[in-house]
Amino acid sequence: MKDLLEELIALQNVELEIFKAEDGLRELPKEVSEIESIITARKKSLDAVDEEIAAYEERKIPLEADMKENQTLLDAADARIKRIKTNKEYLALQREIDLAKKRKSELEEQLLSIMEKMEKKMSDRERIQHSFDSDRIILDEKKEKLTSQMKDLEAILSEYKGKDKNLRKTVDASLLSKYDRIKQSKKGLAVVECFDGVCRGCNMHIPPQLFNELIRGDRMINCPACQRILYVRTEVEE
Ligand SMILES: [Zn+2]
């Protein structure tokens, strides 16, 4: 009985490793995609700032064209004013010049306000880029670590699946089917230690007579409470 149980325990240990590896391979890709979505979000926020800067750049174009046109008008008026003969002409031109100057200062104000906003956006951009650059190093490292952990788990999984296949051939067939049934119903451990008369699977005491029987090791004992297959460790093992 003891040898049979030992084979079963060895099988269970291998299957627990497989379970852990499979669990890891389910969870790790989620962490990788979380990192990827952080990077994508950062890129998006940079793109958004870039778009805002570009929009300001667009708004500058017509204003600068107006400015140039207005300046041409002013230069022409300056040249004309020297050749003016009558007071009436002079006043008319002076009014034209005043209007153009007023327009010039309006345009200057508008351009200045745009440029101030642009400067603020550019410093925002620099700040975002800077923190992104330093975070990126950490994020890339994390991603690389996760990827290599996944590779390790895949290697473990294929190794242990091979072991599992071989062990399943050696374990007693009826014991194996009992094990599978309990494993299925308990979603985990099917073979557990009974220590000091207590089942380590459900923490219930088993009747003393059953415990004695278990120690004798003549037949397979299931925990009366949780149905798991029980074993005891000999003093040498402990
Ligand atoms: Zn139990």
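Lys 68 lies in helix α1. This residue belongs to a predicted model. Lys 68 counts as exposed because 11 other C-beta atoms lie within 10 Å, and the cut-off for exposed is 12 or fewer. Pro 224 is 156 residues away from Lys 68 in sequence.

## Two domains

How is the protein chain divided? Domain 1 covers 18–170, and domain 2 covers 176–231. The C-alpha centres of domain 1 and domain 2 are 64 Å apart.

## Two helices packed together

Two packed helices are described by the angle between their axes and the distance between the axes. Take helix α1, residues 2–81, and helix α2, residues 87–170. They pack at an angle of about 165 degrees. Their axes lie 5 Å apart. An angle over 145 degrees counts as roughly antiparallel, so α1 is roughly antiparallel to α2. The crossing of α1 past α2 is left-handed.

Which classes of residue make up the contact of α1 with α2? There are 39 nonpolar residues, 25 charged residues and eight polar ones.

## Residues on the two helices

Asp 78 is also part of helix α1. Is Asp 78 buried or exposed? It has 11 C-beta neighbours inside 10 Å, so Asp 78 counts as exposed. Asp 78 and Ile 97 are 19 residues apart in sequence. Their C-alpha atoms are 8.1 Å apart in space.

Leu 111 sits in helix α2. Around Leu 111 there are 16 other C-beta atoms within 10 Å, so this leucine is partly exposed. Arg 42 is 69 residues from Leu 111 in sequence. From C-alpha to C-alpha, Leu 111 and Arg 42 are 30 Å apart.

## The largest nonpolar core

In soluble globular proteins, nonpolar side chains tend to be buried together. Here the largest nonpolar core has 21 residues. Which residues have the most contacts inside this core? They are Tyr 179, Val 191, Cys 194, Cys 199, Ile 229, Leu 230 and Tyr 231.

Several elements give two or more residues to the core. These elements are α1, α3 (173–186), β1 (191–195) and β3 (229–231). The largest share comes from α1, with five residues.

## An aspartate in helix α3

Helix α3 holds Asp 180. With 13 C-beta neighbours inside 10 Å, Asp 180 counts as partly exposed. Leu 8 is 172 residues from Asp 180 along the sequence. In space, the C-alpha atoms of Asp 180 and Leu 8 are 11 Å apart.

## Two loop residues with positive phi

Most residues other than glycine have a negative phi. Two loop residues are worth a look here. Asp 196 is not a glycine, yet its phi is positive, at about 60 degrees. Where does Asp 196 lie? Asp 196 is in the loop between β1 and β2 (198–199). Asp 196 has 9 C-beta neighbours inside 10 Å, so it counts as exposed.

Asn 203 is not a glycine either, and it has a positive phi of about 65 degrees. Asn 203 is placed in the loop between β2 and α4 (208–216). Asn 203 counts as exposed because it has 9 C-beta neighbours inside 10 Å.

Definitions and conventions
Residues are numbered from 1 along each chain as its sequence is written. This is a predicted model: local features need pLDDT of at least 70, side-chain atom pairs count only at pLDDT 80 or more; totals for chains, interfaces and linings use all residues. Domain bounds come from an automatic or database domain assignment. Axes are lines fitted to C-alpha atoms, for helices over the stretch in contact, and angles run from 0 to 180 degrees between N-to-C directions. Helices (H or I, at least four residues) and strands (E, at least two) are DSSP runs, numbered from the N terminus. Angles under 35 degrees count as roughly parallel, over 145 as roughly antiparallel, 65 to 115 as roughly perpendicular and the rest as oblique. A crossing is left-handed if the near helix is turned anticlockwise from the far one by less than a right angle, and right-handed if clockwise. Ala, Val, Leu, Ile, Met, Phe, Trp, Tyr, Cys and Pro count as nonpolar, Asp, Glu, Lys and Arg as charged, and the others, Gly among them, as polar. A nonpolar core is a set of buried Ala, Val, Leu, Ile, Met, Phe, Trp, Tyr and Cys residues joined through C-beta atoms within 7 Å. A residue is buried if 20 or more other C-beta atoms lie within 10 Å of its own, exposed if 12 or fewer, and partly exposed in between; C-beta atoms are placed from the backbone.
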